[in-house]
Amino acid sequence: MTSAASQQFFETFPPEVARAILEGRPLRIHAAKVSVVRDKTGAAFAIDTLPRDGRPAEWERTTQRICRILKGEVDRLPAETKRALAAVAHILPADEPILLFQVETWLSMKDDGGSWWEVPAYLSLAAISLPAVVKASEQAKKRILKVVTAI
């Protein structure tokens with residue numbers, strides 16, 4: 001990158017983000033969690049993300065793609081897994097979501113100036129006991145990594 005292009009690139013970020021990139025610190029760029037919630041109509045899945053405030057438009061577009069990936073993985077869960085999760089949701093208070101898993105993307109700069117992406121998934125104790133949910137989180141991680149490395 002030329003110095004002018006480099007300057008323009010770093011000006012697209014808040015100063016603390018640009019500084020962290022230059023220092024090589026990993027930055028959490030995206031985070032989304034999948035939960036089971038209960039409302040008046042029954043149990044449902046919810047996908048929550050980081051607040052949009054002050055985030056670059058490209059990151060928001062990627063967040064939307066990540067949400068579509070997570071929704072697709074939830075849709076592919078077997079019916080018996082969905083029924084088990086719905087049964088648990090009906091036991092708990094209506095305003096208490098059951099966290100299944102959270103996926104994050106972390107960006108850091110390599111010594112050669114290239115980018116390095118990591119996509120960890122954190123499963124709740126409830127989710128670990130459900131093989132289909134574990135598989136869904138692993139599939140989501142793989143798909144999300146393909147999306148963010150294309151940025």
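## Basis of the model

Because the model is predicted, local features require a pLDDT of at least 70 and side-chain atom pairs count only at pLDDT 80 or more, while totals for chains, interfaces and linings use all residues. Residues are numbered from 1 along each chain as its sequence is written, and side-chain values use heavy atoms, with hydrogens and water left out.

## Overall architecture

The protein chain contains 6 helices and 5 strands; these are DSSP runs numbered from the N terminus, with helices being H or I of at least four residues and strands E of at least two. Starting at the N terminus, the order of elements is α-α-β-β-α-α-β-β-β-α-α. Along the principal axes, the C-alpha atoms fill a box of roughly 60 × 25 × 20 Å.

Of the 151 residues in the protein chain, 36% are buried. Buried denotes under 20% relative accessible area, exposed over 50%, and partly exposed in between, with a 1.4 Å probe and protein chains only. Among contacts with a separation of 6 or more, 59% involve residues 24 or more positions apart; a contact means heavy atoms within 4.5 Å.

## Surface and charge

The protein chain exposes about 9200 Å², and carbon and sulfur atoms supply 56% of this area. Accessible areas come from the Shrake-Rupley method with a 1.4 Å probe, and for residues only the protein chains shown count as cover.

There are 21 positive and 18 negative side chains, and the centres of the two sets lie 7 Å apart. Lys and Arg count as positive and Asp and Glu as negative, without His or the chain ends; each charge is placed at NZ of Lys, CZ of Arg, CG of Asp or CD of Glu.

## Strand pairing

Strand 1 and strand 2 run antiparallel and are joined by 8 bridges; two strands pair if DSSP finds at least two bridges between them. A hairpin of 2 residues connects strand 1 to strand 2, and Val 34 stands opposite Ile 47 in strand 2. Ser 35 also belongs to strand 1. Ser 35 is buried, at a relative accessible area of 3%, and, not counting residues up to four places away in sequence, touches Ala 44, Phe 45, Ala 46, Pro 97, Ile 98, Leu 99 and Leu 100.

Strand 3 (residues 98-109) and strand 4 (residues 115-118) are likewise antiparallel, with 4 bridges between them. Met 109 has Ser 115 in strand 4 as its bridge partner. The hairpin of these strands has 5 residues between them, and Gly 113 takes a positive phi near 95° there.

Helix 3 (residues 57-75) has 19 residues and should span 27 Å at 1.5 Å a residue, which agrees with the 27 Å between its end C-alpha atoms. The expected span is 1.5 Å times one less than the number of residues. Buried residues of helix 3 include Trp 59, Ile 66, Ile 69, Leu 70 and Val 74. Their cover includes helix 2 (15-23), strand 1 (27-39), strand 2 (42-49), helix 4 (79-91), strand 3 and helix 6 (131-149).

Thr 63 lies in helix 3 and counts as buried at 7% relative accessibility. Leaving aside neighbours within four places in sequence, Thr 63 contacts His 30, Thr 49 and Arg 55.

## A position in helix 4

Ala 84 lies in helix 4 and is partly exposed, with a relative accessible area of 35%. The C-alpha atoms of Ala 84 and Ile 144 are separated by 27 Å, and the two are 60 residues apart along the chain.
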